[in-house]
Amino acid sequence: MNGYKTKEYGQPVKRYVQTMELRDDDDLIRQYREAHDAAHFWDEIKQGIKQVGILEMEIYILGNRLVMIVDAPLDFCWEEAMKKLATLPRQEEWERYVARFQHCDAHATSDEKWQMMERMFYLYEK
């Protein structure tokens, strides 16, 4: 494994990490992966993510478990950004579309589906 290169922002950032489970169905997981590839991911959703101030968003998968990593500026407010994101073009439509793959309430917003994880260890110097 070679690892994954991360962005360099030229400024300090903070990171959020969330998790969610997909339905345990190989075909649905394949379709979910496809919905997020470069050829199929909706441009309006990508633009909305950037518009609310998110610098980078990555999703990792193991089986049907997802982990999402979000990097944002130090002055970023998660709650305000998620409220704004929910109002942007096609966001509600996207949430309805991906809900069929996700092991959660079909009417949940993105912020309700993803569970925020707590960092319990880090190696960095303070």
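Leu123 is found in the segment after strand E4 (115–116); strands (E, at least two residues) and helices (H or I, at least four) are DSSP runs numbered from the N terminus. At 72% relative accessibility, Leu123 counts as exposed, where exposed means over 50% relative accessible area, buried under 20% and partly exposed in between (1.4 Å probe, protein chains only). This is a predicted model, in which local features need pLDDT of at least 70, side-chain atom pairs count only at pLDDT 80 or more, and totals for chains, interfaces and linings use all residues. Residues are numbered from 1 along each chain as its sequence is written, and side-chain values use heavy atoms, without hydrogens and water.

**Helix H4**
- Glu95 lies in helix H4 (residues 91–99) and is buried at 10% relative accessibility.
- Beyond its neighbours within four places in sequence, Glu95 is in contact (heavy atoms within 4.5 Å) with Ala108, Thr109, Ser110 and Lys113.

**Aromatic pairs**
- The structure holds 11 aromatic pairs; rings of Phe, Tyr and Trp (its six-membered ring) pair if their centres lie within 6.5 Å, with planes under 30 degrees apart called stacked, over 60 edge-to-face and the rest tilted.
- The rings of Tyr16 and Trp78 form a tilted pair, with centres 4.6 Å apart and planes at 40°.
- Tyr16 lies in strand E1 (residues 13–21) and Trp78 in helix H3 (residues 78–87), so this pair ties together parts that are 62 residues apart in sequence.
- Tyr16 is buried at 15% relative accessibility, and Trp78 is buried at 6%.

**Aromatic cluster**
- Tyr32, Phe41, Trp42, Trp94, Tyr97 and Phe101 form one aromatic cluster.
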